[in-house]
Amino acid sequence: TLAAAITLVAGSLLTSAANLWAATPITVKFAHVVAENTPKGKAALRFQELMHERLGDKVKVEVYPNSQLFGDDKVLEAMLLGDVQIAAPSLSKFQKYTKQLQIFDLPFLFKDMAAVDRFQQGPVGQKLLTSLERKGLMGLGYIHNGMKHLSAYDPIRVPADAAGKKFRIQTSDVLAAQFEAVDAVPLKKPFSEVFTLLQTRAIDGTENPWTNIYSKKFFEVQPYITETNHGLLDYMVVTSARFWKKLPDEVRTEMKKAMDEAIAYGNQVAREQEEKDRQLIIDSGVTQVISIGEQERALWVEAMRPVWKEFEKEIGADVIQAALDANQ
Ligand code: LMR
């Protein structure tokens, strides 16, 4: 009968669709904005390598560095639409999704990277990985880059030297407040535009860790870098909850394992490369690296610390306290 024929056709269509699904590799696009020779760039490549080693052609990981696929201004929206599956934006770029991660932008909060690590791996840091859940995003872990320094066309030693100067910042109100606290002018701009903005002198300076200053050649258009260590630039690896839950169990398990290992590798790179890139910049002779003494540092701390109070409500006093405890 006709009905039987239709059932038969429909049935075979379904079977071939299922076979097609099984045969089609799962594509995982990992987009980021930095160069490949950075902690995040290398972690992404290690993830790709491990996935290929362990799952062969079943999962195809594609890595897009240097804002090739999406800049950080678009990547999370794109993730929710299913156009990219993994990203690792800096912790300064989640403000539209949660206010809690603003903790990581507070100036002069963490003593050093070991303190950052203790905080991130502790209960409060781990809970922050779930702070994007209501928006459909999941944190898979943190990747370090390092502490930020100020760079500019003029030598900057004390806060008054920064007054009136235009600094490019990431999309973070805390970072805006930090520069306003020293009477500088913050401008929120995408990472991909920083070199040109500096080169054309549309801005006077910026803040970044050594590996970004080196790999993006910012030092070539910034005659002075002041080693302020005033704030942190780290990342959260994120994926969409929908994508993650739909993965076959064994793929999800392998993917998490590979990501954990890639993150550990990236963090080791961060520890080693910071010093190497700093030295390469000094050796270039293009830029003068300025060290500040205790007295000068105290002036920066005094000027910028009031920013904490301004954001305490949004972040949570308990979260700030947990970060401070990690310094001990
Ligand atoms: C920046 O925009 O300065 C950083 O977030 C870039 C990065 O990913 O390190």
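What follows is a friendly chat about a predicted model of a protein with a ligand.

Q: Hi! What helices and strands are there in the protein?
A: Hello! This is a predicted model, and the protein in it has 14 helices and nine strands.

Q: What box do the C-alpha atoms fill?
A: Along the principal axes, the box is roughly 90 × 45 × 30 Å.

Q: And how much of the protein counts as buried?
A: Of its 328 residues, 42% count as buried.

Q: What share of the contacts comes from residues 24 or more positions apart?
A: Taking contacts with a separation of 6 or more, such residues account for 78%.

Q: Let's talk about the ligand. Which residues surround it?
A: Around the ligand you'll find Val 33, Val 34, Ser 90, Asn 145, Gln 170, Phe 191, Asn 208, Asn 212 and Leu 233.

Q: How does that shell divide into nonpolar, polar and charged?
A: Four residues of the shell are nonpolar and five are polar, with no charged ones.

Q: What does Lys 40 touch?
A: Leaving out residues up to four places away in sequence, Lys 40 touches His 32, Val 34, Ala 88, Ile 143, Asn 145, Tyr 235 and Gly 266. Val 34 and Asn 145 are also among the residues surrounding the ligand.

Q: How far apart are Lys 40 and Asn 145?
A: In sequence they are 105 residues apart, but in space their C-alpha atoms are 7.3 Å apart.

Q: Is Lys 40 buried or exposed, and why?
A: Lys 40 counts as buried because it has 29 C-beta neighbours inside 10 Å, and the cut-off for buried is 20 or more.

Q: Where is Lys 40 found?
A: Lys 40 is part of helix 2, which covers residues 39-55 and packs with helix 11, residues 249-284.

Q: How do helix 2 and helix 11 pack?
A: Their axes are 8 Å apart, at an angle of about 145 degrees, and the crossing is right-handed. By class, this contact has 15 nonpolar, two polar and six charged residues.

Q: New topic: what is in the largest nonpolar core?
A: That core has 81 residues, and the ones with the most contacts inside it are Phe 30, Phe 47, Ala 87 and Val 237. Strand 8, residues 224-240, gives the largest share, with seven residues.

Q: And what does Phe 30 touch?
A: Not counting residues up to four places away in sequence, Phe 30 touches Ala 44, Phe 47, Val 61, Glu 62, Val 63, Tyr 64 and Ile 86.

Q: What about helix 7, how many of its residues are buried?
A: Helix 7 runs over residues 173-180 and is mostly covered, with six of its eight residues buried. The buried ones are Val 174, Leu 175, Ala 176, Ala 177, Gln 178 and Phe 179.

Q: What covers them?
A: The cover includes strand 5 (166-169), strand 6 (185-188), helix 12 (294-304) and helix 13 (306-315).

Q: Which way does phi go for Asn 66, positive or negative?
A: Asn 66 has a positive phi of about 55 degrees, although it is not a glycine. Most residues other than glycine have a negative phi.

Q: Where is Asn 66 found?
A: Asn 66 sits in the loop between strand 2 (59-64) and helix 3 (75-80). With 17 other C-beta atoms within 10 Å, Asn 66 is partly exposed.

Q: And what is phi for Phe 108?
A: Phi of Phe 108 is near 55 degrees, also a positive value. Phe 108 is in the loop between strand 3 (86-87) and helix 4 (113-121).

Technical notes:
Residues numbered from 1 in each chain as written. Predicted model: local features only at pLDDT ≥ 70, side-chain atom pairs only at ≥ 80, totals over all residues. Near = placed C-beta within 6 Å. Nonpolar A, V, L, I, M, F, W, Y, C, P; charged D, E, K, R; others polar. Buried ≥ 20, exposed ≤ 12 C-beta atoms within 10 Å, placed from the backbone. Helix = DSSP H or I, 4+ residues; strand = E, 2+ residues; numbered from the N terminus. Contact = placed C-beta atoms within 7 Å. Core = buried A, V, L, I, M, F, W, Y, C linked by C-beta atoms within 7 Å. Axes fitted to C-alpha atoms, helices over the stretch in contact; angles between N-to-C directions. Left-handed = near helix turned anticlockwise from the far one by under 90°.
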